Amino acid sequence: MSTETHEPVSRLTDRNPEVVRALSRRYGAGFITDIETDSLPAGLNEDIIRALSALKEEPEWMTEWRLAAYRHWLTMPMPHWAKLKIAPIDFQAISYYAAPKNRPKSLDEVDPKLIETYDKLGVPLHERARLAGVAVDAVFDSVSVGTTFRKELAEAGVIFCSMSEAIREHPELVRNYLGSVVPAGDNFFAALNSAVFSDGSFVFIPKGVRCPMELSTYFRINAGHTGQFERTLIIAEDGASVSYLEGCTAPMRDENQLHAAVVELVALEKASIKYSTVQNWYPGDENGVGGIYNFVTKRGDCRGDDSKISWTQVETGSAITWKYPSCVLRGDRSVGEFYSVALTHNMQQADTGTKMIHVGRGTRSKIVSKGISAGRSSNAYRGLVKVEKGAEDARNHTQCDSLLIGKKCGAHTFPYMEVKNPSAIVEHEATTSKISDDQLFYCRARGLDQENAVSMIVDGFCKQVFRELPMEFAVEAKKLLEVSLEGAVG
Amino acid sequence: MASAFVQSFAELAPDILAAMPGSGLPWLDAFRRGQLDAFVRDGLPGTRSEAWKYTTLRALERRAFRPGDSDAAIRDVDAACLQLEGVDGPRLVFVHGVFRPDLSTLDDLPPGLTLQPLSQALAEDAEPLRFMLTRGEAQAADAFTRLNAALAGDGMVLRVAGHARIDVPVHLLQVGAPAGEDLAWHARNIVELGEDAALTLVEHHIGTGTHTHLGTQVSDVVLHARAQLAWVVLQEAPDGALLFRHDRLRLDADAQARVHALELGGALVRHEFDAELRGEGARLDTRGAFLPGGRQHIETRLDIRHLARHTASDALWRGVADKRGRGVFHGAITVAEGADGTDAALSNKNLLLSPHAEIDTQPVLEIYADEVMAAHGATVGQFDERSLFYLRSRGIPADAARTLLTLAFCRAALDDIGNEVLREHLGKRLAARLPADGETA
């Protein structure tokens, strides 16, 4: 039994054409869209930032904000504390702006090639696909190419548009909230993002409004030698609620492309924001060549009493994933949640987790993290639960499980707990194990083949997280996991 | 500009080094010099350094200490306080890191047991100690380990011959005594158990009167195949003392170690415990409780490495922080590639008794093998209200009920000490530490 479990993939592929096929279709989103792009020359300096800002027709204050962030970034060293092996990044070799040449005025004018791209990725941009009932903002390289359902949303008072548009049309809102959760100098990559962010989504849900549909952004990196630096800002006013999804893919290339985004969430009194991510950036090949560096700062601020922010992430892509979606629980009785499935295979690396900062009274947080490592990958959970002095009756429960598939991978857990209030209850549990031979044997005795058996066990392992995803995403996430794990077990 | 702390060692060191036991041996002189230079060059770690994130040394940097104590051999020590209930075997007493034959009992050692101070071993034949003493050179040692390597001239050298099972516990005492000024003392212990050997070691840190000295102790412990070590540590340094201990344990095939530590004293205490399970079937159990109160800062760092197949480790630690005390716990378990069949578990539960106390805990798992069962759990909280209610409904006053629950909470870490008398004694020391009736916040 066990010899079969650990049979090297290469030997299997030699004789099993089905596995050969399965392996070759592993990354379905790896195609390149042949489309003319406008891009800024590679390099980073104040002139590039001014040019970028001018291209986007930004007001003076925005340009200055970017420049201040850039000057701060220059003073910061690249951080190295994570359990990651990162090849040096040449920030001067990246083009910080790439956009399809023909800028559409409305969705109907969007280049059909782009629509086709999103269709291929299963994202409903086109009119006929609108039955899906999800409003989509599609970000292609550095710009948003289209946002659906704008009229319907506007009737409800919801603003859902690209960040560039928001800066032009709602400057007072942007100015008020941008950088208020993740300051421009927060960390190395946040500072870089603040200087060069090109687009992203802006969501504003006014007082008392329950957003009538799911909102989503689909990020696509297409052009080579570029990075994607988007910035998302979601504001839910008193009593408002919204569910937001993001998905990401990129073509298969030999180079490592940088994706350094910043996401800021603000929840005022009794507001609730649910943020779900299915991240499927190109992970690189089995030898670790190419793939996206996904270095993202995501933070939610439960600013009002009784507010709630919930992060759900399914991370299957990227050569390196390095992010910690966090919640600052400032309002009394505010709630933070983090549900994560992170899967690494081949040479992928992940150092991900969350931070829950309890400031207000009666704040609660819950963390469920499931890590799956296969191949020669490394998968780390790193999380901080901090209970400040004034956070009376704070509660946290953290559950971190790791599943190992294969002998050459690593699974690590680095939780930090800092408690300064005696009425707090903070609990952390973690386990690491492999899929047991007993479980596999049981499934196979019931007629499942090895691959299906593994996939079923993994699915059960992740169920607690998938349950938190909106239904369409849960189905996608499950499929992604199956595809990503193909070839992991011989 | 070096801090006052570093300066106090840099300036006085040359003559101190020349007067140390073992001085004159070229390899030892070179090693000590190298370690001291490295210490002076790098200074003390800051909180930006991950391993020192929760322990700031800023206050220490401003203080100066006299390296070594020339009067250690004649300092007045009350012999009565050296007794420990249930521990009546051979005893080695060190005052400020210097061996005190007048206070020690080394007569009638059981067959198979070699026990002598390091100073004496160095004078007799230093060569067999060379490997152990200089092995720190290869490792990236921290500031206090370096300081110890450079300046520790004495300590305990304990060897148990193969197949010898020593049935009396060996008692090691590190004693601090009041002196005119703040002293820095250092002790270096070497313990080696041969194949199939067995030993109980009781390590006791005490002070006669109050003092604010700084002490460092580095212990290297090697257990050869099938050796068994029971190691109990009772740390009752005076409340102003600073104590940095670093234990390095190596277990060969089927060796077993059971470690119990009760951390009660000191103003700033850091205990690093590194263990390598290098032989198949090795097993390590660590248990302990730390109780920072007052303004105490007590840190325990475990680094348990499973390097061979079918090794097992189990760690159970309890922390209770009261007043303005701060407890820091770091428990890392690493399972190396190829260490299949490893079974590792770690639990750290903590109680916060005061609004000014703080607990920082960090259980870590690093797993590089797949046939592994590894789990850890950590909690920080306060009393279970239902237990408290139950006790009160039985007529026990609230304060007494709290003390009772705290005691039970910590006792879990001491309950499986084999020596019953010693276990009860530790229980009493623990109870004495807990807030008395009516004192609880």
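Colleague: I would like to start where chain A and chain B come together. How much area is buried between chain A and chain B, and which residues of chain A lose the most area to chain B?

Modeller: First, the ground rules. This is a predicted model, in which local features need pLDDT of at least 70, side-chain atom pairs count only at pLDDT 80 or more, and totals for chains, interfaces and linings use all residues. Residues are numbered from 1 along each chain as its sequence is written, chains are lettered from A and ligands numbered from 1 in the order in which they are written, and side-chain values use heavy atoms, with hydrogens and water left out.

Take chain A on its own. Chain A carries 13 helices and 24 strands (DSSP runs numbered from the N terminus, H or I over at least four residues for helices, E over at least two for strands). It has 490 residues, and 63% of them count as buried (under 20% relative accessible area; exposed is over 50%, partly exposed lies in between, with a 1.4 Å probe and protein chains only).

Now your question. The size of an interface is often given as the accessible area lost when the parts come together. Here, about 2800 Å² is buried between chain A and chain B, and carbon and sulfur atoms give 47% of it (the accessible area, 1.4 Å probe, that two parts lose on being put together, summed over both). The residues of chain A that lose the most area to chain B are K407(A), M417(A) and P422(A); together they make up 21% of what that side buries.

Count the residues next. On one side, 33 residues of chain A touch 36 residues of chain B (contact means heavy atoms within 4.5 Å). There are 19 residue pairs in polar contact between chain A and chain B, both residues at pLDDT 80 or more (N or O atoms within 3.5 Å; within protein, one must be able to donate a hydrogen and the other to accept it, and residues adjacent in sequence count only if both atoms are side-chain atoms). Strand 23 (410-419) and strand 24 (425-434) of chain A each supply at least two residues of the side that touches chain B. By class, that side of chain A holds 13 nonpolar, eleven polar and nine charged residues (Ala, Val, Leu, Ile, Met, Phe, Trp, Tyr, Cys and Pro are nonpolar; Asp, Glu, Lys and Arg are charged; the others, Gly among them, are polar).

Charge comes next. Side chains of opposite charge can pair when their charged atoms come close. Between chain A and chain B there are five salt bridges (a side-chain nitrogen of Lys or Arg within 4 Å of a carboxyl oxygen of Asp or Glu). K407(A) meets D340(B) in a salt bridge, at 3.3 Å from N to O. K407(A) is also among the residues of chain A that lose the most area to chain B. A network of salt bridges links K420(A) with R326(B), E358(B) and D360(B).

Look at E366(B). It sits in strand 19 (residues 358-367) of chain B. E366(B) is buried, because its relative accessibility is 18%. Its side chain makes a polar contact of 3.0 Å with the side chain of K83(A). Another polar contact of 3.0 Å joins the side chains of E366(B) and Y368(B). Beyond the neighbours within four places in sequence, E366(B) touches K83(A), A411(A), H412(A) and F414(A) on chain A, plus I333(B), T334(B) and V335(B) on chain B.

Over all chains, the structure holds 57 salt bridges. One of them joins the side chains of R258(B) and D416(B), at 3.1 Å from N to O. R258(B) lies in strand 12 (residues 256-263) and D416(B) in the loop between helix 8 (398-411) and helix 9 (420-433), so the pair ties together parts of chain B that are 158 residues apart in sequence. R258(B) is partly exposed at 33% relative accessible area, and D416(B) is partly exposed at 29%.

A further salt bridge joins R287(B) to D314(B), with the closest N and O atoms 3.0 Å apart. R287(B) is in strand 14 (residues 283-290) and D314(B) in strand 16 (residues 312-321), so this pair ties parts of chain B 27 residues apart in sequence. R287(B) is buried at 10% relative accessibility, whereas D314(B) is partly exposed at 22%.
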